[in-house]
Amino acid sequence: MHPVRKQRLLLVLFIVLFSSAAIGLVTYALRGNINLFFPPAEVAAGMAPPGQPIRVGGMVAEGSVRRSEDSLLVRFDLTDFQASVPVEYEGILPDLFDEGQGAVASGRLNARGVLEATEVLAKHDENYMPPEVADALEKSGYDHKGNKQ
Amino acid sequence: MWTFFHKLGSPPWLYSISGTILRWLLPITLVALAAGIVWGLLFTAPDFRQGNSYRIIYIHVPAAVVALAGYYVMAIAGAISLIWKMKMADVAMKACAPIGAALTFIALVTGSIWGKPTWGTWWVWDARITSMLILLFLYLGVVALYEAYDNKEAAGKACAVLSLVGMVNIPIIYKSVDWWYSLHQPASIKFTGESSIDPSMLYPLLLMISAFYALFTCCLLMNMRAELLEREARTNWVQRLAKQEGRS
């Protein structure tokens, strides 16, 4: 290879490696802030600041959703099977919100350790299938993730 | 192999070969796009949880996949034009940017439309969505930077460096859903192991992804041809071509 071109090739490689290293260090330093939410285990371990706006994400625990009779108030628990965080939310929930499904709630932790949510988002997983396939899986005793129930 | 590579540096040759390719590829692309859309939107079952709204996957995923791949095309063309000073690589790099920006924009808009009924919000600053927005700005940045210079050579150099620096964003977008907690779900199509999308939904999706790759290639070639004619407007071969077109 021509020496001038070789030099320019090295320059290109340098640009790519140097910018990758720089961005890599920045994302490493900010890794906590890039996460959209805290899992319940980290909240239980006290890593989430109380009284500050935070997001908590996890699975809506089976049988934990309790709706108020006369208002839009909903109470449920978010769990990651190590710890769970009780959530209170007043408002309309997204269509895909359901027990046993992922959700992300944003709000503040109060003194009782309850997350007073101002927004609840449903988290969809990566499984796509027609309803008949889902029914067939359920009948054979597997859930939609292919785990034996 | 090397003669092919050297021939690529010749504008008239590139113009004529791209014309031949387009004559075949363009109809195939349009048929594949039409077939994929009809198959995906009308002939697949609804999803067991999302119902019909999941069908946006047939536009969203192909646009996003090709937007990422297109960035590599742009950056590699930029590197070739930096190292070998190949004019045609510079033309290719410049032609990539607006197409990539359009695809990224489509991915962001369709994702937002899907996000509202599924997640309950139009927009959330999670790692995947934010890094995708950065990709849009990188593409638009290359377009703007190229136009900012009067000197084409300096413009090409600056854009090549920008696209090389921006290349680090592509693996970040791709892996963002695995590295951080995000609202966006992880990939359903897996290269190793079984995909978590039912085969009846996967096949039209793969067809749409291939069709979008073909569409990207067509747009790229058409953009490059227009750019070639503009740059070489004073040369003999373009003058001759213009006369021929005028007569027919």
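This is a predicted model: local features need pLDDT of at least 70, side-chain atom pairs count only at pLDDT 80 or more; totals for chains, interfaces and linings use all residues.
Two residues count as in contact when their C-beta atoms, placed from the backbone, lie within 7 Å. Leaving out residues up to four places away in sequence, A:Phe97 touches A:Ala103, A:Val120 and A:Ala122. You'll find A:Phe97 in the loop between E4 and strand E5 (102-109) of chain A. Is A:Phe97 buried or exposed? A residue is called buried once 20 or more other C-beta atoms lie within 10 Å of its own, and A:Phe97 has 21 such neighbours, so it counts as buried. Go 33 residues along the chain from A:Phe97 and you land on A:Pro130, with 19 Å between the two C-alpha atoms.

Now zoom out to the rest of chain A. It holds 4 helices and 6 strands, and along the sequence they come in the order α-α-α-β-β-β-β-β-β-α. How does the radius of gyration of chain A sit against that of a compact globule of 149 residues? The globule would come in near 15 Å, whereas chain A has 23 Å. Along the principal axes, the C-alpha atoms of chain A fill a box of roughly 80 × 45 × 25 Å. Buried residues make up 24% of the 149 in the chain. As for contacts in chain A with a separation of 6 or more, 42% of them involve residues 24 or more positions apart.

A:Phe97, where we started, falls in a loop of chain A between E4 and E5.

One more spot in chain A deserves a look, and it has to do with backbone angles. Most residues other than glycine have a negative phi. A:Phe81 is not a glycine, yet its phi is positive, at about 70°. Look for A:Phe81 in the loop between strand E3 (73-79) and strand E4 (84-90) of chain A. With 10 other C-beta atoms within 10 Å, A:Phe81 is exposed. Chain B has a residue of this sort too: B:Lys85, which isn't a glycine either, has a positive phi near 55°. B:Lys85 sits in the loop between H3 and H4 of chain B.

The C-alpha trace spans about 60 × 40 × 30 Å along its principal axes. Of the 248 residues in chain B, 41% count as buried. Take the contacts between residues at least 6 apart in sequence, and 76% of them in chain B join residues at least 24 apart.

With 32 residues, H2 of chain B reaches 44 Å from its first C-alpha to its last, close to the 46 Å expected at 1.5 Å a residue. Where is the kink in H2(B) centred? Go to B:Leu22, where the bend is about 30°. The buried residues of this helix are B:Pro11, B:Leu14, B:Thr29, B:Gly36 and B:Gly40. In an α-helix there are 3.6 residues a turn, so residues three or four places apart point the same way. What do the buried residues of H2(B) pack against? Their partners are helix H3 (57-84), helix H4 (87-118) and helix H8 (199-231) of chain B.

H8 turns up again at B:Ser195, which lies in the loop between helix H7 (169-179) and H8 of chain B. B:Ser195 has 18 C-beta neighbours inside 10 Å, so it counts as partly exposed. Setting aside neighbours within four places in sequence, B:Ser195 is in contact with B:Ser188, B:Ile189, B:Lys190 and B:Leu202.

Finally, look at where the chains meet. The contact takes 35 residues from chain A and 38 residues from chain B. On the chain A side, the elements giving two or more residues are helix H1 (3-29), strand E6 (115-123) and helix H4 (131-139). The largest share of that side, 10 residues, comes from H1(A). Sorted by class, the chain A side has 21 nonpolar, 7 polar and 7 charged residues.

Methods: Residues are numbered from 1 along each chain as its sequence is written. Chains are lettered from A and ligands numbered from 1 in the order in which they are written. The expected span of a helix is 1.5 Å times one less than its number of residues. The bend at a residue is the angle between axes fitted to the seven residues ending there and the seven starting there. A residue is buried if 20 or more other C-beta atoms lie within 10 Å of its own, exposed if 12 or fewer, and partly exposed in between; C-beta atoms are placed from the backbone. The radius of gyration is taken over C-alpha atoms; the globule rule is 2.2 Å times the number of residues to the power 0.38. Ala, Val, Leu, Ile, Met, Phe, Trp, Tyr, Cys and Pro count as nonpolar, Asp, Glu, Lys and Arg as charged, and the others, Gly among them, as polar.
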